[in-house]
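Please study the sequence and the structure shown below. This briefing then sets out selected features by topic.

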Amino acid sequence: MDLKEYPFVIEASYFNQGLSGASTLKLRKGVADKLAQIQQSFEGKYRFKIWDGHRPREVQDAIYNAYYKKLAQENPEWDEAELHYATEQFVTKATNRKRIPPHATGGAVDLTLVDEHEEELDMGTEFDFFGPEAAPFYFQDRAFSELIHGNRLILREAMIASGFTPDEDEWWHFDYGDQLWALRADKPEAFYSEAT
């Protein structure tokens, strides 16, 4: 489903970065409907801002290559194996046909919360910040960041209550119906395969 059909705030991050040729964002209908229900439960206090949903392999590959190049520039002493390992900590390599990137299913979504003025809640990092601070509970035991921890909890708890599973390294990433969801939710199998 094209997310323009829903009352979300849309910001096509990878289109804006020149990594995707499509300015539209799409998700499986079941995922988009669940998000609409969650948003409705916020009773106008918050809305979802969605940065990414379904991601074809060519876009996944562009993101992988861009992050690989960034790491190579920042770490010229690393060899190719180290660069690939570090890149794959946050970005799935799209060229392996036996492995379906979660976003390729239309069941993975990258999002945050905005207030009634469409200002993003402070989550401590920007979207696609690839570092330890992006882990959902990084700010849990840091006294200076109760607001950040609280904001992340609002998002996380609302998503989990509706059946989504959270990512361990990225506070903004959630899955429903894909292979990561099946693994984390202890389901026998995913029900969303690769969407074309």
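Predicted model: local features only at pLDDT ≥ 70, side-chain atom pairs only at ≥ 80, totals over all residues.

**The cavity**
- The residues that line the largest cavity are Pro136, Arg152, Leu155, Arg156, Pro166, Trp171 and Phe174.
- Helix H5, which spans residues 146-161, supplies the largest share of this lining, with three residues.

**The largest pocket**
- The volume of the largest pocket is about 540 Å³.
- The lining of the largest pocket consists of 27 residues, of which Phe90, Thr92, Pro102, Asp167 and Leu180 are the closest to its centre.
- H3 and helix H6 (179-184) are the elements that give two or more residues to this lining.
- The largest share of the pocket lining, four residues, is provided by H6.
- By class, the pocket lining comprises eleven nonpolar, six polar and ten charged residues.

**Aromatic residues**
- There are 17 aromatic pairs in the structure.
- One of these is the edge-to-face pair of phenylalanine 42 and phenylalanine 48, with 5.8 Å from centre to centre and 65° between the planes.
- Phenylalanine 42 has a relative accessible area of 12% and is therefore buried, and phenylalanine 48 is buried because its relative accessible area is 0%.
- Phe42 and Phe48 also belong to one aromatic cluster that includes Tyr6, Phe8 and Tyr46.

**Glutamine 60**
- Glutamine 60 is located in helix H3, which covers residues 57-74.
- Glutamine 60 counts as buried because its relative accessibility is 3%, and the cut-off for buried is under 20%.
- A polar atom of the glutamine 60 side chain lies 2.8 Å from the backbone oxygen of threonine 92.
- Apart from neighbours within four places in sequence, glutamine 60 is in contact with Arg55, Val91, Thr92, Ala94 and Pro101.

**Aspartate 110**
- Aspartate 110 is part of strand S3, residues 108-114.
- With a relative accessibility of 2%, aspartate 110 counts as buried.
- The side chains of aspartate 110 and histidine 173 make a polar contact at 3.1 Å.
- When neighbours within four places in sequence are left aside, the contacts of aspartate 110 include Trp51, Arg55, His103, Phe127 and Trp172, and His173 is also among them.

**Threonine 105**
- Threonine 105 is situated in the loop between helix H4 (80-88) and S3.
- Threonine 105 counts as buried, since its relative accessibility is 0%.
- A polar atom of the threonine 105 side chain lies 2.9 Å from the backbone nitrogen of glycine 107.

Note on methods:
Residues numbered from 1 in each chain as written. Heavy atoms only, no water. Buried < 20%, exposed > 50% of the residue type's maximum accessible area, 1.4 Å probe, protein only. Polar contact = N/O pair within 3.5 Å; in protein donor to acceptor, adjacent residues only side chain to side chain. Contact = heavy atoms within 4.5 Å. 1 Å grid on protein atoms, 1.4 Å probe; cavity = no way out; pocket = protein on both sides within 12 Å on 5 of 7 lines; lining within 4 Å. Phe/Tyr/Trp six-rings, centres within 6.5 Å; stacked < 30°, edge-to-face > 60°. Points joined across faces, edges and corners; volume = space filled by probe spheres on them. Nonpolar A, V, L, I, M, F, W, Y, C, P; charged D, E, K, R; others polar.
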